[in-house]
Structure formats: C-alpha cells, structure tokens
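These are my notebook entries on one model, kept in the order in which I looked things up. I begin with the ligands and then turn to the parts of the protein around them.

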Amino acid sequence: MVKAAVLGAAGGIGQPLSLLLKTCSLVHELALYDVVNTPGVAADLSHIATPAVTTGYLPADDGLQKALEGCDIVVIPAGLPRKPGMTRDELFNKNAGIVSALITGVAKWCPKAYVLIISNPVNSTVPIAAEVLKAHKVFDARKLFGVTSLDVVRASTFTAEIVGEKDPRKLTIPVVGGHSGDTIVPLLSQTTPPVSIPEDKVAGLVNRIQFGGDEVVKAKDGAGSATLSMAFAGYRFAEAVLKAHSGETGIVEPTFIYLPGVPGGAEVLKQVGGLEYFAVPVELGPGGAVKATNPLIAASEAEKKLLEVAIAGLKGNIAKGVEFVQASS
Ligand code: NAD
Ligand code: LMR
C-alpha cells in the first residue's frame, strides 16, 4: 500500500500532477495539501474510478500533519513560479521558506518517505531540504531527489526534432548538473541509440535544452512557467521511484542528489570539484537511489567545457541553500 502526498497540489503543476498520480495503479492513497483550494481539487479527483482514495487538506486543523502522516512519497511543487525576465534564483526569497517549512513537516510526520522537490530554484531548494532533514537527524540521501526530469524530457523532444526521430521517447539522453540555465548539461554525445546531430546545430540545441524553461515563461507572458510538461515530467520521475519501490529493476533516471550519501556518488564528487550536489543518472531501487552513475568520465571536450561552467554556477546556488538553513537554526 502506497500513500502519496502532493504539497502545492492546487497549483499549475500540482493539479495535473495530482491527476496523473490519481490514475497510477501503484498509489492507494493520495493526499493533496495546499494553502488554498485543495478540498475542491480533491473532491473533483475523487470521482475518478481508480483505487487511490483522495483527500484534500488546508493548513487549518493540522492539515499538513494529516496529509503527511503515513506517507511513502511526497512530491513538492509548492511555491512561486517565474515571470518573464526573472531567473529561478530570484524565487529563492519566497520559496526557500516554503520548502523549509514543508520539509520540517516531512521530518516530523513521514521521515522515511521519498521526497521529490520540484519547487525552484531546485539547485538551492534541494540543499535546503537536506539541511532541514539533517537538523532533524532523519536525512537519508537515497530518498531525496531534485526533479530534473523536465530537462531530460526536453532533451529528448528537441533532439528528436533535429534528427527526425518521430518518437522522442526512443531517445535516452543523460542530462547532468543542475536545473537552471547553464547549470543544465545535456550529454548529447551519450544519446542512446546514437544520433547524428549536424555540427552547426549542436550549440543551438544545447542552448534550447538549457533555456527551455524561458521559452515557456515567455510564451505564457506573465501567467507562469511550465506546468503541464512539468506535471508529465514529475509524474515520470515519481512513477519511476514507485516502480523501483515495488521491486522493478533496471530503472535509471537523472536526478539532482546529495552525492556523499548515495553509492557511487563519491566518484562523481571527485569529478565535479567536490560539489556535494549534482544531477546524474541514478539507478533506483526499493530504498531509493541505489547507485549514482558517472557519465562525466566519457564527456566530449565540448561537454567538459559546459560542465566547468555548470560547476561554477552550482557552487553558489548550493551554498546559498545550505547557508539559508544554517543561518535560521
Ligand atoms: P503555481 O503558483 O501555479 O502553484 C504553486 C502552488 O503552491 C499554489 O497553489 C500555492 O497556493 C502553493 N503554495 C504556496 N505556498 C505554499 C505552502 N506554504 N504550502 C503549500 N502550498 C503552497 O506555480 P507552479 O507553476 O505550479 O510552479 C510551482 C513551482 O515549481 C515553482 O517554484 C516553479 O518555479 C517550479 N517549477 C519547477 C520545475 C522543475 O523542473 N523542477 C518546472 C516547472 C516549475
Ligand atoms: C522549467 O524549467 O520550465 C522550470 O524550472 C520553470 C522555469 O522557471 O523555467
């Protein structure tokens, strides 16, 4: 029996992501938490003829506690999205406090749950979550994931367009680093099956994958950022975690993790100048991350240059998250 909670469930990502989780046969109970509108969203979803029993909670009457108690997996898309002209880092001031408060709830009421962080800036909110869990002495790095799946989804989609592959799902591309602009590094040279990207198209493709989020923010013109593609990507990652939890083997997905706490992470850590957080393809199992793979060794010369830029950018983002929690404790 699996209980899943979505925190920020009434939002642009939260609603379609909750819909997808409601249709997941691996979920038996679905708790929706937000500061607004969850009773309505839950009532709506509860009419869908699938087994997951769906309930909505607001902050009143210990709503967060009730949503989280007994949870096996918690997905967090709570927080402000970008408007045109903003960077993800500019969301830090609002979202750092939201994530830290929600993770305090996780630490108290479901410390053994898998925790999937979608709220931006992911490069900082994941370190915030880790620090809060550490402070409560319940941190298990194998169960904390920064969701970078939208970068992976975009990499497949945009690459498929260029190489003429009609089904983007057939392309697997390791996307590593972080989740913002040039901290996102698609290792196109390791695409499987191998693809032939015209030389003059590589830089543009990399740039489009790195800044795909801006494309959506601009097109939405003040009405937010990616929500539907993010719900798809977030569900893809949550389903991978749940499938691995149920014993399915051979599941590997890129995700932003705390390297020192995941088997294989130390090898990656050496490669990224000692950074403690980095997204790499991770093999999942019943306890979460089983092994961090290291595709960086085989990066091309051009990709190594992209990695240097990503590492420099991530350093400050990670430190900012860690310092936020340490300063407030
Ligand atoms: P949204 O504004 O539509 O929804 C956010 C929801 O969070 C709202 O319903 C709001 O009421 C709720 N919320 C605010 N404070 C809360 C709290 N303390 N507890 C519970 N819920 C709270 O925004 P959105 O478009 O759904 O985006 C949500 C977040 O996801 C943003 O930070 C955005 O930048 C991020 N995002 C990340 C990725 C990624 O790839 N990781 C992709 C897209 C968006
Ligand atoms: C994305 O990549 O679409 C998200 O991180 C949202 C954003 O701010 O671009």
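How many nonpolar, polar and charged residues does the shell around ligand 2 have by class? I counted five nonpolar, three polar and two charged residues in the shell around ligand 2, where Ala, Val, Leu, Ile, Met, Phe, Trp, Tyr, Cys and Pro count as nonpolar, Asp, Glu, Lys and Arg as charged, and the others, Gly among them, as polar.

Before going further I noted that this is a predicted model, in which local features need pLDDT of at least 70 and side-chain atom pairs count only at pLDDT 80 or more, while totals for chains, interfaces and linings use all residues. Residues are numbered from 1 along each chain as its sequence is written, and chains are lettered from A and ligands numbered from 1 in the order in which they are written.

**Entry: ligand 2.** I listed the residues that surround ligand 2 as Pro-81, Arg-82, Arg-88, Asn-120, Leu-150, Gly-213, Val-216, Val-217, Ser-225 and Ala-226, a residue being near a molecule if its C-beta atom, placed from the backbone, lies within 6 Å of it. Helix H8 (residues 212–220) gives the most to this shell, with three residues; helices (H or I, at least four residues) and strands (E, at least two) are DSSP runs, numbered from the N terminus. Ligand 2 lies between domain 1 (3–147) and domain 2 (149–254 + 261–319), because both give residues to its shell; the domain bounds come from an automatic or database domain assignment.

**Entry: ligand 1.** Around ligand 1 I found 34 residues, of which Gly-8, Gly-11, Gly-12, Ile-13 and Asn-120 come nearest. The largest share of this shell, four residues, comes from helix H4 (residues 92–109), and by class the shell has 20 nonpolar, twelve polar and two charged residues. Domain 1 and domain 2 each give at least three residues to the shell around ligand 1.

**Entry: the two domains.** I then looked up how domain 1 and domain 2 meet: their centres, taken over C-alpha atoms, are separated by 22 Å, and 31 residues of domain 1 are in contact with 34 residues of domain 2, contact requiring C-beta atoms, placed from the backbone, within 7 Å. On the side of domain 1 that touches domain 2, two or more residues come from each of helix H1 (14–22), strand E4 (73–76), strand E5 (114–117) and helix H5 (122–135). H5 gives the most to that side, with five residues, and the side has 21 nonpolar, four polar and six charged residues by class.

**Entry: helix pairs.** I recorded that the axes of H4 and H5 come within 9 Å and cross at roughly 35 degrees, the axes being lines fitted to C-alpha atoms over the stretch in contact and the angles running from 0 to 180 degrees between N-to-C directions. This crossing of H4 and H5 is right-handed, that is, the near helix is turned clockwise from the far one by less than a right angle. The contact includes Phe-92, Val-99 and Ile-103 of H4 and Ile-128 and Val-132 of H5, and its residues divide into nine nonpolar, five polar and no charged. For H1 and helix H9 (residues 228–245), I noted axes that come within 8 Å and cross at roughly 40 degrees, again in a right-handed crossing. Pro-16, Leu-17, Leu-20 and Leu-21 of H1 make this contact with Leu-228, Ala-231, Gly-234, Tyr-235 and Ala-238 of H9, giving eight nonpolar, one polar and no charged residues.

**Entry: backbone.** Most residues other than glycine have a negative phi, and most peptide bonds are trans. Asn-37, which is not a glycine, has a positive phi of about 65 degrees, and I placed it in the loop between strand E2 (29–33) and helix H2 (38–46).

Conventions: Two residues are in contact if their C-beta atoms, placed from the backbone, lie within 7 Å.
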